[in-house]
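Subject: Structure for you to look at

Hello,

Here is the structure I promised to hand over. Please open it first, then read my notes below.

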Amino acid sequence: MRPDPTVAPSPALLYQRSLVPRATPSRSGITCNTALGACSRAAEWSAAVLLLRDMPRRRLRADAVSFSTCITAGHKAGRWDLAAGLLADMRGRRVAPNIITFNASVTALTAGQQWESAVSLLGDMQEVRLQPDLCPYRASVDALFHAGRRVEAARLYRRALQPGIAAYRPAAGRGGRRGIAGVRHRSPLRAC
């Protein structure tokens, strides 16, 4: 039976086909990361996780890009629990998370109403000498605010305004509006 030419093959199937030995096999981690990205864009988070878990069997080393892509795919599907599990899996495989991995994880956790874990990850980022950028702060502040934790939201918002985190500086000039707990701002966290 021939495949239907009007139906596009799934990203997972395309990846499996790419591993079939040919004259010049393309069996690199980059190829796998590309397939993971295709799965993420196609909202096939389960296929992405299967590919990630299959990498060691194929003698491919998953890197921070591999994990970040799967965490993002899980976030798109509303699977915040996947972010927590994949971060633990990274540590088990001795893969160092990067800023994108943390950003994707914080965003997924806050979308899943797991604000305590998200705020904890912000601290973890600083422990490994990664400076959080705009997205995880915004996601965490929003999650805290909507959870009724306005004092914590204001504290985290003020931390985002500290020197060294230039991306969070309010726009110079007059005006602005009253924000969380009376902090005057011009929505520096709205760019994300």
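Start with Arg129. This residue is exposed, because its relative accessible area is 76% and the cut-off for exposed is over 50%. Please keep in mind that the model is predicted.

Where does Arg129 sit? Look in the loop between helix 7 (115-127) and helix 8 (134-146). Its backbone deserves a look too. Arg129 is not a glycine, yet its phi is positive, at about 65°.

Now go back along the chain to Arg94. Arg94 lies in the loop between helix 5 (80-92) and helix 6 (99-111). Its phi is positive as well, at about 60°, although Arg94 is not a glycine. Is Arg94 buried or exposed? Its relative accessibility is 73%, so Arg94 counts as exposed.

Next, the overall layout. The protein has 9 helices and 2 strands. What order do they come in? Read from the N terminus, the elements run α-α-α-α-α-α-α-α-α-β-β.

Some totals for the protein follow. There are 192 residues, and 40% of them are buried. The accessible surface is about 11,000 Å². Carbon and sulfur atoms account for 55% of that surface. On contacts, take the pairs of residues at least 6 apart in sequence. Of these contacts, 56% join residues at least 24 apart.

Last, one helix pair. Two packed helices are described by the angle between their axes and the distance between the axes. The pair here is helix 2 (residues 29-41) and helix 3 (residues 45-54). Their packing angle is about 160°, and their axes are 8 Å apart. That angle makes helix 2 roughly antiparallel to helix 3, because angles over 145 degrees count that way. The crossing of the two helices is left-handed.

Which residues meet there? From helix 2 come Cys32, Ala35, Leu36 and Cys39. From helix 3 come Ala47, Ala48, Leu51 and Leu52.

Best wishes

Technical notes:
Residues numbered from 1 in each chain as written. Predicted model: local features only at pLDDT ≥ 70, side-chain atom pairs only at ≥ 80, totals over all residues. Heavy atoms only, no water. Axes fitted to C-alpha atoms, helices over the stretch in contact; angles between N-to-C directions. Helix = DSSP H or I, 4+ residues; strand = E, 2+ residues; numbered from the N terminus. Parallel < 35°, antiparallel > 145°, perpendicular 65-115°, else oblique. Left-handed = near helix turned anticlockwise from the far one by under 90°. Contact = heavy atoms within 4.5 Å. Buried < 20%, exposed > 50% of the residue type's maximum accessible area, 1.4 Å probe, protein only. Areas by Shrake-Rupley, 256 points an atom, 1.4 Å probe, with all protein chains shown as cover.
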